[in-house]
Structures are given as C-alpha cells and as structure tokens.
Amino acid sequence: EGKDWDMRFFPANRTGIDRKGMPCPKEDFPARIVMGRCIFFPIDPEKNSGKSCLVLNPGAVSPQIGISRKTKSLWFLHALDIGWGVRDARPAAKVTLTYEDGTQSTFDFKHGVHLADWREPIPLTEGYIGWQGYCQAHDPVALYVARWDNPHPEKQIARLAVSAQSGGK
C-alpha cells in the first residue's frame, strides 16, 4: 500500500524517525515479546538480510519453513489485508504441516475467528489482539495471536508452509 503503510514501528522503532517525521532515538530490537499468554522470539531483520516475516499475496504459497520438533500446539502472530468492514468468516490462510514420516495436517485460519484486517482491530472468537500500535499512515493497526492444536503431538513436525487464500476485498 506504499511506504507509509508498513510495520516500521513494530516491535520497536528502529528508524530513528517518529511518526510525524521528527528524529527520535532508535529502540533496541527485543529478543522476546510477550503477547497475552505467548512469548514470541522475533527475528531481527538487521541480523537476517532485512527479512523477519512472511508477506503473501492472495494465492501465494510461502517457502517451506523448517520446524524439526514435536509440539502440542503452534501459536501464530499474524494479520490480514483484506479490506475494512469484512465480517464473514471466510478462509484467509491455509497452513500445511508436514511430519517427519511424510504425513500432513492442514488447517485454515479464518477472518474474524483467528485473525482480521491489520488496519481495523476487532475482537476474535478464537484468537486475540496481540499488539496494537500505529503505522505512518494509520492508527490503530494490530497483529493477532491464534493457536492451532496439533492433532498428532507425538509426531515430529518437519516443516510447514502457508498459503494465502484468495477472496481479497
């Protein structure tokens, strides 16, 4: 949506410029962020070739993300850009887990259930607002937290991939 519609102030202002364009001190990048019942360990983009998150257009599929562990559940920090005012529970993203034995589990994240538009914070039925702040062009913006319970916690998860569902605005 352009240079003023980004997450430059999450989780810390690393720009040295405040929202009104005035100089301000750069904040240290946090090693961990507590959001409700979850602790997230964000990837510092300055230590990872400028990369720290996935951004997918409708219909796109992420690269495979290595997991290599067993777990009872996975927690996701995420948001949508599908248009203000959308209130139906349409599928927004599909996550596919591949276990070490080659079997798979899939689940859908749905709008208004697990996540919502980042520019219009709303309460969710199976998730919550994990962070609320602002971007250069809009206040408030939000990221949502949702949990997925693994139907096979005894199996080691090899990797996961995310596909953005079409449907947009």
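Trainee: Which residues form one aromatic cluster here?
Mentor: Good place to start, and keep in mind that this is a predicted model. A search of the whole structure turns up seven aromatic pairs. One aromatic cluster is made up of Phe-76, Phe-107, Phe-109 and Trp-148.

Trainee: The rings of Trp-5 and Trp-118 form a pair, so what kind of pair is it?
Mentor: Two values are needed, since a pair of aromatic rings is described by the distance of the centres and the angle of the planes. For Trp-5 and Trp-118 the centres are 6.3 Å apart and the planes stand at 80 degrees. Planes over 60 degrees apart put a pair in one class, so the pair Trp-5 and Trp-118 is edge-to-face.

Trainee: How many residues apart in sequence are the parts that Trp-5 and Trp-118 tie together?
Mentor: Trp-5 sits in the segment before strand 1, and Trp-118 belongs to the loop between strand 6 (104–110) and strand 7. The pair therefore links parts of the chain whose separation in sequence is 113 residues.

Trainee: What kind of pair do the rings of Phe-9 and Tyr-134 make?
Mentor: The ring centres of Phe-9 and Tyr-134 are 5.2 Å apart, with the planes at 50 degrees. Phe-9 lies in the segment before strand 1 and Tyr-134 in the loop between strand 7 and strand 8, so this pair ties together parts 125 residues apart in sequence. Phe-9 is buried at 8% relative accessibility, while Tyr-134 is partly exposed at 32%. As for the kind of pair, Phe-9 and Tyr-134 are tilted.

Trainee: Which residue lies over the face of Tyr-99?
Mentor: This one is a charge over a ring. At 5.3 Å from the ring centre of Tyr-99, the residue over the face is Lys-155.

Trainee: Let's turn to the strands. How many of the residues of strand 9 are buried?
Mentor: Strand 9 covers residues 157–164 and has eight residues. The strand is largely enclosed by the rest of the structure, because the number of its residues that are buried is seven.

Trainee: How many bridges join strand 5 to strand 9?
Mentor: Strand 9 also pairs with strand 3 (residues 65–69), antiparallel and through three bridges, with Ile-65 as the bridge partner of Leu-160. Strand 5 runs antiparallel to strand 9, and the number of bridges joining them is seven.

Trainee: What is Ser-163 in contact with, leaving aside its neighbours within four places in sequence?
Mentor: Ser-163 is in strand 9, and at 16% relative accessibility it is buried. Its side chain makes a polar contact of 3.3 Å with the side chain of Gln-165. Beyond the neighbours within four places in sequence, the contacts of Ser-163 are Ala-60, Val-61, Ala-92, Ala-93 and Lys-94.

Trainee: Which strands stand at the edges of the sheet, each with a single partner strand?
Mentor: The sheet in question is open, with three strands in the order 4-8-7 and antiparallel pairing. Each edge strand has a single partner, so one side of it is left without a neighbour in the sheet; these are strand 4 (73–78) and strand 7 (128–133).

Trainee: Which residue in strand 8 stands opposite His-78?
Mentor: Strand 4 and strand 8 (residues 141–149) run antiparallel and are joined by six bridges. Across this pairing, the residue opposite His-78 is Tyr-144.

Trainee: The peptide bond from Asp-139 to Pro-140 is cis, so what is omega near?
Mentor: Another cis peptide bond runs from Phe-10 to Pro-11, with omega near -10 degrees, and Pro-11 lies in the segment before strand 1 (33–35). Pro-140 is in the loop between strand 7 and strand 8. For the bond from Asp-139 to Pro-140, omega is near 10 degrees.

Trainee: Is Ser-49 buried or exposed?
Mentor: Ser-49 is in the loop between strand 2 (38–40) and strand 3, and its phi is positive, near 55 degrees, although it is not a glycine. Its relative accessibility is 72%. The cut-off is over 50%, so Ser-49 is exposed.

How values were computed:
Residues numbered from 1 in each chain as written. Predicted model: local features only at pLDDT ≥ 70, side-chain atom pairs only at ≥ 80, totals over all residues. Heavy atoms only, no water. Buried < 20%, exposed > 50% of the residue type's maximum accessible area, 1.4 Å probe, protein only. Helix = DSSP H or I, 4+ residues; strand = E, 2+ residues; numbered from the N terminus. Pairing = 2+ DSSP bridges. Phe/Tyr/Trp six-rings, centres within 6.5 Å; stacked < 30°, edge-to-face > 60°. Lys NZ or Arg CZ within 6 Å of the ring centre and 35° of its normal. Polar contact = N/O pair within 3.5 Å; in protein donor to acceptor, adjacent residues only side chain to side chain. Contact = heavy atoms within 4.5 Å.
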